[in-house]
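Visitor: I would like a close look at a single part of this protein. Could you walk me through the charged side chains and what surrounds them?

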Amino acid sequence: MLKFNLLINMTKEKLHEIIFGYRTKPGKTFDVALLIVIMLSVVGIMLDSDAIIHQKYGKALLTAEWIFTIFFTIEYILRIYCAKSSKKYILSTMGIIDLLSIIPTYLMV
């Protein structure tokens, strides 16, 4: 049991380094990848706002929106999990922004 807890703590520390460690190589890579995904998500929403594009590619864009939302949800949950204080992160400006960014898609259901 002790080895399992140690493994979980090491994993949590490594995740924290990647997700919150913007000065580390894995952290920078994560941030760049996250920015690319955010930009792709925004482009998808912009394209879907055009009636002609929506009519032709609406289903594909909706699928992409759900994929992005699931990705952002997993990222939000991981941030809560590996934050030094989950409550502090959830109530922080970035935590609230992260939550507000995923809620609209879930409200469509």
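Guide: Happy to! Leaving aside neighbours within four places in sequence, Asp-98 is in contact (heavy atoms within 4.5 Å) with Glu-75, Tyr-76, Arg-79 and Tyr-89. Before going further, please note that this is a predicted model, where local features need pLDDT of at least 70, side-chain atom pairs count only at pLDDT 80 or more, and totals for chains, interfaces and linings use all residues. Residues are numbered from 1 along each chain as its sequence is written, and side-chain values use heavy atoms, with hydrogens and water left out.

Back to Asp-98, which lies in helix H5 (residues 93–108); helices are DSSP runs of H or I with at least four residues, numbered from the N terminus. Asp-98 counts as buried because its relative accessibility is 14%; buried means under 20% relative accessible area, exposed over 50%, and partly exposed in between, with a 1.4 Å probe and protein chains only.

Two of the contacts deserve a name. The side chain of Asp-98 makes a polar contact with the side chain of Tyr-89 at 2.3 Å. Such a contact is a pair of N or O atoms within 3.5 Å; within protein, one must be able to donate a hydrogen and the other to accept it, and residues adjacent in sequence count only if both atoms are side-chain atoms. Asp-98 also forms a salt bridge with Arg-79, with the closest N and O atoms 3.9 Å apart; the term means a side-chain nitrogen of Lys or Arg within 4 Å of a carboxyl oxygen of Asp or Glu. Since Asp-98 is in helix H5 and Arg-79 in helix H3, this pair ties together parts that are 19 residues apart in sequence.

Arg-79 is buried, with a relative accessible area of 10%, and Glu-75 counts as buried at 7%.

Key: Helices (H or I, at least four residues) and strands (E, at least two) are DSSP runs, numbered from the N terminus.
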